[in-house]
Amino acid sequence: MYQRILVPIDGSATAERALQEAIKLAAGKASLRLVYVIEETYPLDAEGYAFIDYAALQEAVRHTGRRALAQAAEKVRQSGAMSETELLETAGKRVASVIDDDARQWPADLIVIGTHGRSGISRLLLGSVAEGVVRGASVPVLLVRAE
């Protein structure tokens with residue numbers, strides 16, 4: 001049914017569950033696009049933070065993203081499905097918007113994303129990328145809950 005499935009990953013167990021669900025849906029026939037979104041790191045202009053090397057910090061985040069993508073791509077390969085990977089940067093946009101933009105440009109038939117299922121004050125404070133994707137998605141979204 002779905003030929004092109006976009007799977008945002010972040011290295012979490014929840015994202016791993018979403019990837020496993022996407023692999024099942026692909027059934028060796030659909031293509032998967034695995035994306036890792038990097039948020040910008042903004043330098044703090046306050047005493048005590050001058051020693052932070054923001055360029056090195058950003059490169060460490062990119063390295064983490066590339067590693068998470070490589071691990072996810074290997075799992076897809078082992079399942080017999082096909083995938084491609086992409087490291088995306090927010091460039092001032094919300095993560096959910098970056099994911100939806102990529103889904104439109106690729107173009108995806110479905111987004112499979114993990115959700116931590118937060119509620120109450122933690123949801124209010126931390127927000128939810130998955131919720132943002134659902135609210136603004138241009139294609140169907142399958143939410144996979146954490147255990």
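The model is a predicted one, so local features need pLDDT of at least 70 and side-chain atom pairs count only at pLDDT 80 or more, while totals for chains, interfaces and linings use all residues. Residues are numbered from 1 along each chain as its sequence is written, and side-chain values rest on heavy atoms, with hydrogens and water left out.

To start with the overall layout, the protein chain has five helices and five strands. Here helices (H or I, at least four residues) and strands (E, at least two) are DSSP runs, numbered from the N terminus. Read from the N terminus on, the order is β-α-β-α-β-α-β-α-α-β. Of the 147 residues in the chain, 35% are buried; buried means under 20% relative accessible area, exposed over 50%, and partly exposed in between, with a 1.4 Å probe and protein chains only. As for contacts (heavy atoms within 4.5 Å), residues 24 or more positions apart make up 76% of those with a separation of 6 or more.

Next come the cores. A nonpolar core is a set of buried Ala, Val, Leu, Ile, Met, Phe, Trp, Tyr and Cys residues joined through side-chain atoms within 4.5 Å. The largest one holds 23 residues, and I5, V7, I9, L32 and L34 have the most contacts inside it. Two or more residues each come from β1 (4–8), α1 (13–26), β2 (31–38), α2 (54–79) and β4 (110–115). The biggest share is that of α1, which gives six residues. Another core, of 16 residues, lies apart from this one and includes V35, V98, A108 and I111.

On the α1 side, the contact is made by E16, L19, Q20 and I23, and on the α2 side by A72, K75, V76 and S79. Sorted by class, that contact has four nonpolar, two polar and two charged residues. In this sorting, Ala, Val, Leu, Ile, Met, Phe, Trp, Tyr, Cys and Pro count as nonpolar, Asp, Glu, Lys and Arg as charged, and the others, Gly among them, as polar.

T14 sits in helix α1 and is buried, at a relative accessible area of 5%. Beyond its neighbours within four places in sequence, T14 meets G114, T115, H116, V144 and A146. The C-alpha atoms of T14 and I113 are 8.5 Å apart, although 99 residues separate the two along the chain.

D100, in helix α3 (residues 95–105), counts as buried too, with 5% relative accessibility. G136, A137 and S138 are touched by D100, not counting residues up to four places away in sequence.

L88 belongs to strand β3 (residues 82–89) and is buried at 11%. Setting aside neighbours within four places in sequence, L88 is in contact with V35, Y36, V37, I38, V98 and D102.
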